[in-house]
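Let's take a friendly walk through a protein model together. Keep the structure open beside the text and look for each part as it comes up.

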Amino acid sequence: MEKKIAKIMEDFSEAARSASDSTSVEKLRVAFLGKKGEVAELMKDLKSAPSEQKKEFGQKINQLKKEVESRLADLTAAIEQKELQALIDSAECYDVTMPSAVETGSYHPITLIQREVEDIFAAMGFTIEDYDEIVDDYHCFEALNIPKHHPARDMQDTYYLDNGQLLKTHTSAAQNAIMRKYGAPLRAIFPGRCFRNEAIDACHENTFFQMEGIMIDKDISISNLIYFMKTMLSEVFQRDVQVRLRPGFFPFVEPGFELDISCQVCGGVGCPSCKNSGWLELCPCGMIHPNVLTAGGIDPEEYTGFAFGLGLTRLAMMKYGVKDIRTFNSGNLKALSQFESL
Amino acid sequence: MLVSMNWIRDFVDLDGLDIDALIHRFTLSTAEVEEIYHYGENTHNVVVAQILSVENHPNSKKLHLLKVDTGEQVVDCVCGAPNVREGMKVAFAKEGGCVNGIAITKATVAGFDSYGMCCSEHELGISADHSGIMEITDDIPLGTDLKSVYDIEDTVFEVDNKSLTNRPDLWGHYGIAREFAALTGQPLKPIEKTDTSVYADLPPVDIDIQDTEHCYRYSGMKVDNVTQHVSPVNMRIRLFYCGSRAINLLADLTNYLMMELGQPMHAFDRRKVDCVEIKRFDAPFRFKTLDGNERDIDENTLMICSKGEPVAIGGIMGGLDSEIEDDTTSLLLESANFDGVCIRKSSQRLGLRTDASMRYEKMIDPEITSTAIQRFLKLLMDIDPGVQVVSSLSDQYVHHYDTVELTFDKAYVDRYTGIEISDERIIDTLTALGFDVKHDGTTFDVKVPSWRATKDVTIKADIIEEITRIYGYDNFKITTTLSPLRPVRKSLNKTDEYYAKDLLVEKFKLHEIHSYIWADSKKFGELNIDVEDNVKLLNSINPDHVVLRNCMVPTLLTAVNENKSFGTEYGIFEIARVIDGLREDGTCNERKKLGIVLFSRDCEEKKLFFRLRDMISLMIGNLRHKTVTFTHVESFHNWQHPVNTVEMAVEGVKLGFLSTLHPLTAIKIDKKAAIVCAEIDMDTFMTVPKDELDFVEPSKFPGIDIDLTILRDPDVTYRDIESIIEANGGEFLRTLTVTDVYDGIISSITLRLGFSSPDRTLSMTEIQDVVFGRIVPELEKENILLKK
C-alpha cells in the first residue's frame with residue numbers, strides 16, 4: 001500500500017510537470033481525484049487492507065489526497081497567471097500615430113474673424129447690424145459728406161449698376177441708415193462685404209470685408225476714441241497692443257486718423273512687413289463729421305461720436321498668415337478646409 | 001512728394017535739433033512719411049583739385065593719365081572721362097575717401113597706379129549727369145572739401161501723396177516749413193521776393209480770362225535779356241534730390257518755385273507768346289504738348305491761348321511750340337489758379353497727370369500767384385542780374401474764395417478732446433499755423449488763412465484737428481467713456497445665420513466658401529449654366545463679370561467644378577447675397593440666401609438627395625421647431641433637373657428649393673459623380689416665427705407596437721400613407737416610423753405604429769381594433785394594400 005501511495009505521488013508529480021494549461025490540469029484532477037481516479041481506487045483497496053492497518057492507510061491516503069489537491073491548486077493558480085499574462089502579451093499595441101479618419105467641415109476664415117470681433121464688441125455693449133451690399137449714391141457718398149466731384153470718389157473705384165444703384169465701396173455706407181434707425185446715443189458695429197472696381201492680384205481684391213463701428217453720445221472725445229481702439233485691438237490680438245494715431249483724411253470724419261498698431265510680426269523693432277517702421281497701418285478712424293451726424297438726424301451740437309473701419313480681410317490675413325488675398329474668394333477647399341473650427 | 005530739409009531750413013531755423021526725430025513728428029502730426037534718405041552721408045574726402053597735366057594712356061583710347069593737385073600734394077590719377085583738360089578744377093575723391101558709399105583706394109588701372117578719382121555729378125549722387133567729370137568754378141580754392149562748397153549733404157523725406165490730398169498748402173516746401181515751425185515753436189521766415197511795385201508803370205501783360213468759371217486768377221509778367229541758361233549747382237542738387245531733372249535755368253526756376261511755394265508756373269517763350277486768353281473751344285482738336293505727344297482736346301478742357309492759338313493746356317501742361325528753348329532770352333511768366341475739379345476731370349480725360357495738375361486739383365491758394373512771380377524774379381535776378389523786367393505785374397483775379405471765420409469756445413475744445421489743452425497752447429498753435437486768433441474770455445474767433453480756406457478748414461471740428469495734431473496724439477491721456485450701459489440683443493438674422501453655419505460645419509461637415517456677387521459668364525458657359533437676365537454692372541473691368549447673380553447655386557457649382565480633386569465626397573455652402581431682380585421702386589431686390597451643394601463619387605444621387613433634404617429639415621426644425629414640407633415643382637433654372645426639383649416651405653411660406661442637376665450641367669462637372677443642391681432664402685426664413693418645443697411627458701405604462709408591411713405603388717407617396725394612418729390612428733397613436741424599405745420586384749415598406757396612453761396600460765385587443773378595424777380598411781379604400 002505504501003508503495004502504491006508513493007507510486008501515485010510519483011506519477012502525479014510526473015504528470016504535473018507536463019501540465020501546461022488549464023485543460024491538462026483539469027485532466028490531471030480527474031485522473032487522480034475524480035470518482036474513478038487513482039485516489040478513489042486506493043480507497044477501494046483500503047477495504048481489503050488488514051483492519052489494524054486501515055486507520056494508518058486511511059490517514060496516508062487522506063494525506064495523499066490533500067497533497068494532490070494542494071499541488072493542483074498551486075498548479076491552477078500558476079497556469080491562470082501564465083494564461084492571463086499570455087492574454088495581455090498577445091494584445092495589439094495600437095499605432096496612435098495613424099492619421100485621423102474623422103471627417104471635418106470648415107468655416108470660412110472671414111466667418112471666424114468676424115465672429116471673434118463681434119463677440120468682443122457685443123461684450124462692450126455694441127449692437128451688431130447687418131446692412132445691404134447694394135446701396136445708393138446718397139448712402140455711400142452724399143450722406144457721408146462726400147459730395148459729387150469730390151476726389152474721394154475717385155479714390156474708391158465704384159461699381160455702378162444699370163438701375164442707378166451701386167455696390168457699396170465701404171461699410172460706412174450703413175452709417176446713415178443706422179443713425180436714422182436708432183438715433184443717439186448709439187453703439188453699433190456693422191460688418192459687411194465691400195466692392196471696389198479694380199484689378200485683382202495677391203494684394204488687391206475687388207470683393208472684401210470690412211467692419212465699421214460707431215459710438216455716439218454726449219461728450220464722446222478723441223481721448224475716448226484712443227482708449228477704445230486700444231482696448232478693442234488688444235482684445236482682438238489677445239495682447240497689449242500699442243497704438244498710435246496719425247492725421248488721416250476721410251471726408252466723413254473730422255479730425256480723421258490713421259491708426260497704426262505696433263507691428264505684430266516683429267513686435268515693433270522693424271521688419272519687412274512694417275517697412276522697418278515698427279508700425280502697421282490698420283484702421284482708419286476719427287470723430288464723426290458734424291455733417292454726417294446731421295444727415296443721420298443727430299444734432300452735432302449735442303452729440304459727438306467716433307467711427308472706425310476695420311479691414312476684416314486684412315485682419316484675417318495678418319492673423320492666419322494668408323499671403324494671397326485671392327485665397328478668400330477662391331473657393332479652393334485645399335486652402336479653406338484648413339479652417340476647421342471656431 | 002520729396003521734401004529737402006536743407007530747403008526747409010531756408011525758412012525755419014532747426015539748428016541743434018534731431019532732424020530724423022522731427023520728421024517722425026511730422027508723420028504723427030501732419031502726414032505720413034514713407035522714407036527718409038540721408039544724402040551725402042557716405043561721401044567723404046572729396047575735395048576741389050586741379051588737373052595739372054593730361055597724358056594719353058599708351059594702351060587705351062579712352063583713358064588718360066593725370067597729375068592732380070589736391071591742394072596738399074600732387075597725385076597720379078587714371079581717368080576715363082572725356083572732358084578732362086589741363087588746368088580744369090574738378091571734384092576729386094582722395095585715396096581713403098568715399099564717394100556715395102564707394103570707398104576710394106589706390107588702384108592699378110590698365111597697368112598704371114591711380115591714387116584717387118575725378119568724380120562725375122552722377123557718381124557724387126547729385127544729378128543724373130554722367131557725361132563727364134564735374135567741373136568746379138575757378139574761384140574755389142584747392143583742397144576745399146566739396147561738401148562745404150555744395151549742399152551735397154541733405155536729409156530728404158518722402159511723403160505719401162495720398163496723405164496730402166486735403167492739404168493744398170503742403171504741396172510746396174514753404175507750407176511744410178510752416179508745419180515744422182509750429183511743431184518746434186520756431187518762427188517761420190518770410191519769403192524773400194522782389195518788390196514789383198517799381199514796375200507798376202510798365203505796360204501790363206494782356207490777359208483775357210474768357211472762362212471766368214474755371215480760371216480763378218491769372219498773373220503774368222514779362223522779362224527780357226536773360227543771359228544765363230544753366231542753374232546754379234545747389235539749385236540743381238535740390239531739384240534732383242526732390243525728384244526733378246534740371247533742364248535749363250528758366251524751366252528749372254518754374255519747377256523750383258512750384259516745389260517751394262506749391263504754385264505751378266509756366267514760362268512761355270515770348271517769341272511765340274506775348275499775350276494770353278484763357279478759354280475753352282467749342283470743337284475738339286489735337287494739340288502737341290511739350291512732352292512731344294499729340295493730345296485730344298475737347299470742349300471741357302481749359303486752354304491758354306495767344307491770339308486765338310492754343311499754347312498750353314491750362315493747369316496741366318504747356319505746348320511744344322511755345323516752350324522755353326536753350327536760347328530763349330525773353331519770357332512771359334504765368335502764375336495762375338484754376339478750378340480744381342475742372343483740372344482733375346481734364347487730367348483724367350487726357351490721361352495726363354502732371355505735377356501742376358496734381359496741385360491744382362487739390363484747390364491751392366489763389367492768393368499766392370503774384371507772390372510766386374515776385375519770388376521768381378528775386379531768384380532770377382540773383383542768378384542773372386542783367387535781366388530786364390518789361391511789364392508790370394499784371395493780374396486778373398476773377399474768383400475769390402470766401403473768407404472763413406470760425407468762433408468756438410474752450411468748452412467745445414474740452415468736450416471734443418477729452419483732455420485739458422490750455423488757452424495759450426491753442427492760441428500759439430493756431431497762430432503758428434497762420435490762423436488769426438482773437439481770444440476773449442472763453443471765446444475764440446479765428447480767421448482761417450487763405451491757404452487753408454479753399455476747402456480744407458471750414459468748420460469748428462477742423463480747428464480741433466489743428467490743435468490736437470500739433471499737441472500730439474501720443475501726448476493724450478486716454479480715458480474710457482461714461483456712457484450708460486444698455487443691454488444689447490443679438491439680431492435674429494445673425495443668430496439664424498450663425499446657427500446654420502455651425503450646424504452645417506460641425507454636424508454635416510460641410511465647407512464654407514465665399515464666391516462673387518456676379519455671374520461669371522465664362523465659367524457658367526463651361527457648365528451649360530445660363531446667365532439669367534438681371535441687374536448689370538455698368539463699368540466692370542472684366543467683360544465676363546457683368547450680370548449680378550440671382551441664385552447662389554451656380555457660383556457654388558463653379559466652385560465644385562474647380563474642387564474636383566479635393567475629395568471623392570464633400571459639400572460646400574455659402575450664405576451671401578443674390579439680387580432677385582428689381583423691386584417696384586426700381587431698387588435691387590437684394591436677398592440673403594444660403595446655398596448648399598453636395599458632391600459625391602461614392603454614393604448614388606438618390607441617397608445624396610435625401611441626405612441634403614434631411615440636413616435642411618433638421619436645420620429648420622431645430623431653428624423654428626417646425627416641419628418643412630417638400631413639393632415637386634417644375635424646374636425654373638436651366639441647370640435644375642426637370643424631374644427632381646423640389647420646393648421647400650414651412651407652414652405655406654416658400655423658403656427655397658432642393659434639386660438634382662440637369663444632366664447637361666452634371667455631365668460637364670463630373671460624369672461619375674452625384675451632385676445635389678439647395679437654396680434657402682434667409683431673409684424670408686427670418687420672418688418665420690419660432691414655435692415653442694412641444695414636450696410630451698413619456699408614459700409610465702407600457703405601449704404596444706404594431707408593424708405593418710405595405711405594398712408600394714409608384715403613384716402613392718409616403719405622405720399619402722402617413723396622412724391616412726395619422727387621421728385614423730386615434731388618441732393613442734404616438735409614433736409612426738419606417739423600419740424597413742424593400743425595393744424589389746414587389747416593393748414594400750414596413751411601418752411601426754407605436755401606441756401608448758399616459759394613464760393606463762392598453763389592451764392588445766383595442767389596439768388591433770384600431771389598426772385592423774380602422775386604419776387598414778381606410779388604406780385599402782385608397783388601394784394601399786398590406787403585404788400578405
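The paragraphs below go from whole chains to sheets, helices and single residues.

First, some ground rules. This is a predicted model, in which local features need pLDDT of at least 70 and side-chain atom pairs count only at pLDDT 80 or more, while totals for chains, interfaces and linings use all residues. Residues are numbered from 1 along each chain as its sequence is written, and chains are lettered from A and ligands numbered from 1 in the order in which they are written.

Begin with chain A. It holds 12 helices and 9 strands; here helices (H or I, at least four residues) and strands (E, at least two) are DSSP runs, numbered from the N terminus. Along its principal axes, the C-alpha trace of chain A spans about 135 × 45 × 40 Å. The radius of gyration of chain A is 44 Å, whereas a compact globule of 342 residues would have one near 20 Å. (That radius is taken over C-alpha atoms, and the globule rule is 2.2 Å times the number of residues to the power 0.38.) Chain A is divided into domain 1 (2-90) and domain 2 (109-336), with bounds that come from an automatic or database domain assignment. The C-alpha centres of these two domains of chain A lie 93 Å apart.

Chain B is divided into domain 1 (2-40 + 155-184), domain 2 (44-152), domain 3 (196-397), domain 4 (405-475), domain 5 (492-687) and domain 6 (704-781). Between the C-alpha centres of domain 1 and domain 2 of chain B there are 34 Å.

How many residues of each chain are in contact with the other? The count is 59 residues of chain A and 73 residues of chain B, where contact means that C-beta atoms, placed from the backbone, lie within 7 Å. On the chain A side, the elements that give two or more residues include α5 (109-123), β5 (207-217) and α9 (222-237). Of these, α9(A) gives the most, with 6 residues. By class, this side of chain A has 25 nonpolar, 21 polar and 13 charged residues. In this sorting, Ala, Val, Leu, Ile, Met, Phe, Trp, Tyr, Cys and Pro count as nonpolar, Asp, Glu, Lys and Arg as charged, and the others, Gly among them, as polar.

Helix α5(A) also packs against helix α11 (residues 312-320) of chain A, at an angle of about 100° and with axes 9 Å apart. Axes are lines fitted to C-alpha atoms, for helices over the stretch in contact, and angles run from 0 to 180 degrees between N-to-C directions. The two helices α5(A) and α11(A) are therefore roughly perpendicular; angles under 35 degrees count as roughly parallel, over 145 as roughly antiparallel, 65 to 115 as roughly perpendicular and the rest as oblique. Among the residues that make this contact are Ile110(A) and Ile113(A) of α5(A) and Leu312(A) and Leu315(A) of α11(A). The contact residues divide into 7 nonpolar, 2 polar and 1 charged.

Now find the sheets of chain B. One is an open sheet of 7 strands with mixed pairing, in the order β27-β30-β31-β35-β34-β33-β32; two strands pair if DSSP finds at least two bridges between them. At its edges stand β27 (511-512) and β32 (628-632) of chain B, each with a single partner strand, so one side of each has no neighbour in the sheet. Helix α16 (residues 553-562) of chain B packs on this sheet, touching β30, β31 and β35 of chain B. Within the sheet, β34(B) and β35(B) pair in the antiparallel sense over 5 bridges, and Phe657(B) stands opposite Glu679(B) in β35(B).

Another open sheet of chain B has 3 strands in the order β24-β26-β25, with antiparallel pairing. Its edge strands are β24 (405-409) and β25 (436-440) of chain B. Neighbouring strands here are turned by 15° against each other on average, direction ignored. Where β25(B) pairs with β26(B), Val437(B) has Val446(B) as its bridge partner.

Finally, look at some backbone details. Most residues other than glycine have a negative phi, and most peptide bonds are trans. The bond from Ala184(A) to Pro185(A) is cis, with omega near -5°. Another cis bond joins Glu254(A) and Pro255(A), and Pro255(A) lies in strand β7 of chain A. Met363(B) has a positive phi, near 65°, and is found in the loop between α9 and α10 of chain B.

Key
Two residues are in contact if their C-beta atoms, placed from the backbone, lie within 7 Å.
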